[in-house]
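Please look at the sequence and the structure first.

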2 protein chains.
Amino acid sequence: MTTDKQAKEKIEDLGKELVKEVLANKPPILNVPVRALSNIVFNKQKEALELGNKISERNFFNVAHAKKFLQTLEVAAKSKDLLALGKHASLRDVFYMIKRTIPNTKTNIVDEQSESDNAIEDLELLTNLSREQLNINANKMGSVAGQVVIEDKGDEIDWSKMGSGGWSIPSNVEEIKFKKVKAKYVIYMEKAAVWERLHEDKFWEKQNCIIMSSQGQTTRGIRRLLQRLSQEHNLPIYVLADFDPWGFYIYSVLKFGSINLAHMSGSMTLSTARFLGITADDIEKYGLKKQLIAFKDVDMTRLKQLQNYEWFKHSKDWQRQFKMMQTMNAKAEIQALSSRGISFITEKYLPEKIKNEDFLM
Amino acid sequence: MTTDKQAKEKIEDLGKELVKEVLANKPPILNVPVRALSNIVFNKQKEALELGNKISERNFFNVAHAKKFLQTLEVAAKSKDLLALGKHASLRDVFYMIKRTIPNTKTNIVDEQSESDNAIEDLELLTNLSREQLNINANKMGSVAGQVVIEDKGDEIDWSKMGSGGWSIPSNVEEIKFKKVKAKYVIYMEKAAVWERLHEDKFWEKQNCIIMSSQGQTTRGIRRLLQRLSQEHNLPIYVLADFDPWGFYIYSVLKFGSINLAHMSGSMTLSTARFLGITADDIEKYGLKKQLIAFKDVDMTRLKQLQNYEWFKHSKDWQRQFKMMQTMNAKAEIQALSSRGISFITEKYLPEKIKNEDFLM
């Protein structure tokens, strides 16, 4: 774990390097790896999308680079302040914190949040620290329950004693300490309604696992929490998602990363992730045929994109799934299982799938 | 509080009434208040959107009514099952639970979730129970922190000891018991990032309040939790939202209700709600002019709609705000306050506004 003090020192080192160049009458230059599709490679061994070796030089004396150079240093200064204060800001906060007009000009340091976001990514690469370690947070989302006790901000929190709500996952989980983890695996689902089903049925207690959900996208807080549970406690992560291209993609991003995450792939990908369902085979096996929803054009287009992803291309199992989905020309939701009974998912579907290790990798 | 047993009995009473009509050789009829704009009235005294007196008769022997009649009874039967089991289903679950083909026909009981959702609203009106009381839940979202201890599902939960995450608000808060509530007011904000700012700065501890946020829409769980805190503990609710038509509308729905909520207005509106900010006056007073974002056409259109809402039409204060926003032809976000410093919001803006009772009603 990197402390605020260590992170602050890394930023200060970056500044000192630049000052040294200036004092030596050299142009101050930042060397940032290129973050574009042209520099993204799929690392087969690590099963993760990573950045390649292309470097982009940002020279303060090059008119085309000067603004980006300034933006990166502005963000670095704000991050240093945050670390010194022990406070955290959101991406949007940072945008407003550095948004101002450069004196004696009509030029703003940033006009759009995408500019400060980019500068933050630069800083991540320059310091080798994640933005969470730089005290800059993404959005907060999601709930968790299980037989786990953590310590966070001086509070001891027992995930098994959170009533019907669960513990609300913060945007930044770097400083959480795990005091007790009694679980054989983690189930991650996108849908909060499905999480509430599993929670009401005390699935985590009966099956000795952790249940986690977002409501919407998989935030970096959730991703890092899953990863820490996987790495520090050796827990496999089972992904429960809809049987459609978007459900498959949730798994894909979680396991292999994405273009946006490539520069952070080391701390963001999850090689222990398994796709639990819903699979094409489940449709037949669990009598969900009547619950299929016909594909729209956009579904088929997305499916064809997935089929061609490098990390899926050579997997017979995944290609078989894609093919079957294509033949059905239809998709199905997790909640379709409710047509078999309200607790069919917790009493039959999940225990059976997990016992038989019936998942895709 | 209505127990599951009482709710189940109400549904059984509904069934018995229908059986009585059948045995008396009368056509079974359900009388459901019309839920359409034509039957929505603004109750000035209660400051809430309510349903009027128009009733729609649903006669089983009328071909045009038969399917809706059946859908309502199907939903009633499922709700009764859920109440008997002590389990809760989501709206989507209920859709799948009643979705099947009527024997010897090619007709499905429901084809779209909107049909089962409608049937659930019928049932709410017929039984005078909210769908939460019928054990049918909406989506789960949001976090809360403060010096409050609750009991939920046998767990005692202290909202002041939840680390950086807070307690995750469930979709259904009807059964929560408040054991200790030490707070002078509640601040509700839509943005989770703002909630994290207030939480990190321990605003709830310093100011003796409760902080609550969603991330996205204000769910019924959040709405009911705010209402219970307002009604049972006499707490005013302060709404912190962006300075734009959508921010204003969040407040509008929370306080006065909406067309969709009109049939439930008694348990859904919040007469103690106050709009704390961001107001047009705040832009000047707190130096946010440079952070204004120019209006798009869609913003202006929405603003004009708000201006004409019956509950805003006669409010000088609100009309003044609308006018000033129109003149500025621009909007501003809560996070714009970060341009004045990361903790400007918790150290200056909020304490000052609340001390001066500088809010709109």
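This is a predicted model: local features need pLDDT of at least 70, side-chain atom pairs count only at pLDDT 80 or more; totals for chains, interfaces and linings use all residues.

Q: Is Glu47(A) buried, exposed or partly exposed?
A: A residue is buried if 20 or more other C-beta atoms lie within 10 Å of its own, exposed if 12 or fewer, and partly exposed in between, with C-beta atoms placed from the backbone. Glu47(A) has 17 other C-beta atoms within 10 Å, so Glu47(A) is partly exposed. Its place is the loop between β2 and β3 of chain A, where helices (H or I, at least four residues) and strands (E, at least two) are DSSP runs numbered from the N terminus. Glu47(A) also has a positive phi of about 50 degrees, although it is not a glycine.

Q: What is the exposure of Asn104(B)?
A: Asn104(B) counts as exposed because it has 6 C-beta neighbours inside 10 Å. Asn104(B) sits in the loop between α3 and α4 (113-127) of chain B, and has a positive phi of about 65 degrees although it is not a glycine.

Q: At what angle do α2 and α4 of chain A pack?
A: Axes are lines fitted to C-alpha atoms, for helices over the stretch in contact, and angles run from 0 to 180 degrees between N-to-C directions. Angles under 35 degrees count as roughly parallel, over 145 as roughly antiparallel, 65 to 115 as roughly perpendicular and the rest as oblique. Helix α2 (residues 63-85) and helix α4 (residues 113-127) of chain A pack at about 75 degrees, with their axes 8 Å apart. That makes α2(A) roughly perpendicular to α4(A).

Q: Which residues of α2(A) meet α4(A)?
A: Two residues are in contact if their C-beta atoms, placed from the backbone, lie within 7 Å. In α2(A), Gln71(A), Thr72(A), Val75(A), Ala76(A) and Ser79(A) meet residues of α4(A), including Glu115(A) and Leu123(A).

Q: Where is the cis peptide bond in chain B?
A: The peptide bond from Gly277(B) to Ile278(B) is cis, with omega near 5 degrees. Ile278(B) is in the loop between β15 (273-277) and α10 (280-285) of chain B.

Conventions. Residues are numbered from 1 along each chain as its sequence is written. Chains are lettered from A and ligands numbered from 1 in the order in which they are written.
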